[in-house]
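Q: I am new to this structure. Please take me through how to read it, one feature after another.

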Amino acid sequence: MNLVFLGPPGAGKGTMAGRLADDLGIPHISTGDMFRAAMANETELGLKAKAIMAAGDLVPDELTIAMVKERLSEADAQKGYILDGFPRTIPQAEALDGFATIEKAVRFDVERDILIKRLSGRRVHKPSGRIYHVEFSPPKVEGKDDETGEELIQREDDKEDSIRNRLKVYDDQTAPLIDYYEGKGNLVTIDAAPAPDEVFGELKRVLA
Ligand code: AMP
């Protein structure tokens, strides 16, 4: 099954994509994670993406499309995949249709004030990618990773100015994809406001 997860930052796409990928045995392909890995490895792509990402803007379509096209040609993606954070613009969606067949686009629907709360409270243990939330899923010791005791950080783009910009970029450039997939007849919408277990249950129901 080839799936696209659509929705604003903070909607929980990454968390649900990780769980569903484990469940179905298919890869979770997050363009945000791929760019963060490129940044950490200081590749040419990573260096290009760094300032753009910190501001919450979008990496240019041609770079993003080329990266995804290559990723989808890898062996593990031949039985299906979950795309999380791609496509994010109409040109990306059109390009994707040229090299992939998407069976369903799942839209994660959440109110704006919940998104802002989720994003601004998010903390990350960078070496492992473990995610916490100061209020909804706090670490045992404030500011420290449960397993290693190492420092948690706040993603540069989870700071207030950047969050505001990411939500605007979503409204301007990504929200039109809802109509795009609706027009193709393969959009399903789930309420992503409840706690993770409940959202996961709904996700499995709409895909069954
Ligand atoms: P995410 O982890 O999905 O919130 O993505 C973090 C950042 O990576 C975004 O704010 C963009 O700067 C960049 N990014 C991720 N996916 C894309 C995409 N499909 N197109 C352009 N930029 C992207």
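Q: How many helices and strands are there in the chain?
A: Helices (H or I, at least four residues) and strands (E, at least two) are DSSP runs, numbered from the N terminus. The chain has nine helices and seven strands. This is a predicted model, in which local features need pLDDT of at least 70 and side-chain atom pairs count only at pLDDT 80 or more, while totals for chains, interfaces and linings use all residues. Residues are numbered from 1 along each chain as its sequence is written, and side-chain values use heavy atoms, with hydrogens and water left out.

Q: What does the radius of gyration of the chain agree with?
A: The radius of gyration is taken over C-alpha atoms, and the globule rule is 2.2 Å times the number of residues to the power 0.38. For 208 residues, a compact globule would have a value near 17 Å; the chain has 17 Å, so the two agree. The C-alpha atoms fill a box of roughly 45 × 40 × 35 Å, taken along the principal axes.

Q: What share of the residues of the chain counts as buried?
A: Buried means under 20% relative accessible area, exposed over 50%, and partly exposed in between (1.4 Å probe, protein chains only). Of the 208 residues, 42% count as buried.

Q: Which residues are closest to the ligand?
A: A residue is near a molecule if one of its heavy atoms lies within 4 Å of it. The ligand is surrounded by 16 residues, and the closest are T31, R36, D57, G85 and Q92. Helix α2 (residues 31-40) gives the largest share of this shell, four residues.

Q: Which polar atoms lie 2.5 Å, 3.1 Å or 3.0 Å from atoms of the ligand?
A: A polar contact is a pair of N or O atoms within 3.5 Å. A polar backbone atom of D57 is 2.5 Å from an oxygen atom of the ligand. For V59, a polar backbone atom is 3.1 Å from a ligand nitrogen atom. In R88, a polar side-chain atom lies 3.0 Å from a nitrogen atom of the ligand.

Q: Is Q92 buried or exposed?
A: Q92 counts as buried because its relative accessibility is 2%. Its place is in helix α5 (residues 90-99).

Q: Which residues does Q92 touch?
A: Contact means heavy atoms within 4.5 Å. Not counting residues up to four places away in sequence, Q92 touches D61, T64, I65, F86 and P87.

Methods: A polar contact is a pair of N or O atoms within 3.5 Å; within protein, one must be able to donate a hydrogen and the other to accept it, and residues adjacent in sequence count only if both atoms are side-chain atoms.
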